[in-house]
Amino acid sequence: MKGRIKFFPIVNFITGSPGILRNGGIWRWIKVEIIKKRIPNIMMQALHFVDFNVTSNIFNKWFEGRTLKDWIREVDKNYTPKFFVDSGGFKHLHNKEYDLSDYNIKPTQEDIFMLQLRYGADFVASLDYPIPPNLNYKEARKRMELSIKNCLKLMELVYDKYSNCNVFPYLVVHGRNGYEAKYYTQNLFKNLEEYGYLDKPFGIAIGSLVPIKNHYELLFEIICSIKNVIEQYKKVNVHVFGISGYIIPFLIYLGIDSFDSNTYVQAAQNLRYIMEENYQKNFYAIDEKDLERCGCEYCLYLLNGGIENAKKILKSRGYLRHEFNGERINKSKIYSCIAMHNLEVQIRLINKLNGMKSKEEFLNWLINYSKGRYSGLKLISKLSDN
Ligand SMILES: [Zn+2]
């Protein structure tokens, strides 16, 4: 298992005007810590900047003659993270026409690829058209065909048109059930074979899972049908988009190689403090003992500043500054501490799984992990079917 599983926390770097550490509220502090800890793998959402106050003017300033990675190197020249940049396809899930014309970006595979290169991407995902749960079959099929077309286009961009770009492509597949996922993946591989791309390096990334992230059995069915098709062709890395939490060890056991998530931040924004083995607790119910038990640098910071003091600050207005642990902070600093603690707990779990010596050891751990959770026990029985 050693080092096999890669976890890509989602980080938003472009939160306003350049440079890296200037803005972003909670993100400002998270960026500081991510760089300080030199987190090796980062997931970047290609269109994250549209959610912040980033005009076309500001956008252009970021990319005048340098990549986002260059900006990060200015903060720490020894930090060389791997960037996985998605396509922003999920933004089309509900808004059919996402307007990017202000930024001079058309929602085409080539334009998105050029944007991914501007970030300094190491891994790029193809532009996909996710399938909303209630979409009729005819429309769903149309979207799958468009997504497959983009997979081929991405292979052409990476291996023909920009053959010295040095990025690794991930081709996105999805389906709302095992049948659709199998149909999609089979079609994709047939096309790759036909166009002569099957022998080129690529990975498979599974999308559209976020709306069903709590339907564990459906998740299982979809991932298994995709893996079964892949295995008929060749060994490729499989990434799962946007899923984390309790189910992750099961997916890893199934053979996924990497995943990404922003749960650490989302949970923190909802004041959820992640405990060992993916239990979450309301931050207001956390006491000194919890912080001591974890012992990460963020928990120690909260411990030193006083947990009750931290809770009081959280209830104050965002712009107010308070004395905490010898510095003047506002409440976004406390939020970022919870987020970074959450990230720390997730990384610890991955390190633990990566440190296991055999599949047997992993299975024994998994059985223990499932104890007392109905959904866990059901997954264990599903594992033995596969
Ligand atoms: Zn902690």
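Me: Where is N166 found?
Reply: In this predicted model, N166 sits in the loop that runs between α5 (137-161) and β5.

Me: What is the phi of N166, which is not a glycine?
Reply: The phi of N166 is positive, at about 60°.

Me: Which loop holds N104, and why does N104 count as exposed?
Reply: N104 belongs to the loop between β3 and α4. The limit for an exposed residue is 12 or fewer C-beta neighbours; N104 has 10 inside 10 Å, so it counts as exposed. N104 also has a positive phi, about 65°, although it is not a glycine.

Me: What is the omega of the peptide bond that joins P18 and G19?
Reply: The omega is about -5°, and the bond between P18 and G19 is a cis peptide bond. G19 lies in the loop between β1 and α1.

Me: How do you know that β5 and β6 pair, and in which sense?
Reply: Two strands pair if there are at least two bridges between them. Strand β5 (residues 168-173) and strand β6 (residues 203-206) share 4 bridges, in the parallel sense. One of the residues involved is Y170, whose bridge partner in β6 is G203.

Me: What is the order of the 8 strands in the open sheet?
Reply: The order is β1-β8-β7-β6-β5-β4-β3-β2, with parallel pairing.

Me: What makes β1 and β2 edge strands?
Reply: Each of them, β1 (6-9) and β2 (41-44), pairs on one side only. From one strand to the next, the twist averages 25°.

Me: Which strands does helix α4 lie across?
Reply: Helix α4 (residues 109-119) lies across β2, β3 (82-85) and β4 (123-125), and its direction is at about 160° to β3. The protein chain as a whole has 15 helices and 12 strands.

Me: Why does the radius of gyration of the protein chain agree with that of a compact globule?
Reply: For 386 residues, a compact globule would have a radius of gyration near 21 Å; the protein chain has 21 Å, so the two agree. The C-alpha trace spans about 65 × 55 × 40 Å along its principal axes.

Me: What share of the 386 residues count as buried?
Reply: The share is 38%, where a buried residue needs 20 or more other C-beta atoms within 10 Å of its own.

Me: Among contacts between residues at least 6 apart in sequence, what percentage join residues at least 24 apart?
Reply: In the protein chain, 69% of such contacts do.

Me: Which domains does the domain assignment give?
Reply: The assignment gives domain 1 (6-261) and domain 2 (269-352). Their C-alpha centres lie 30 Å apart.

Me: How many residues of domain 1 are in contact with domain 2?
Reply: There are 10 residues of domain 1 in contact with 11 residues of domain 2. On the side of domain 1 that touches domain 2, the elements giving two or more residues are β1 and α1 (26-36). Helix α1 gives the most to that side, with 4 residues. By class, the side of domain 1 that touches domain 2 has 6 nonpolar, 3 polar and 1 charged residues.

Key:
Residues numbered from 1 in each chain as written. Predicted model: local features only at pLDDT ≥ 70, side-chain atom pairs only at ≥ 80, totals over all residues. Axes fitted to C-alpha atoms, helices over the stretch in contact; angles between N-to-C directions. Contact = placed C-beta atoms within 7 Å. Rg over C-alpha atoms; globule rule 2.2 N^0.38 Å. Domains from an automatic or database assignment. Nonpolar A, V, L, I, M, F, W, Y, C, P; charged D, E, K, R; others polar.
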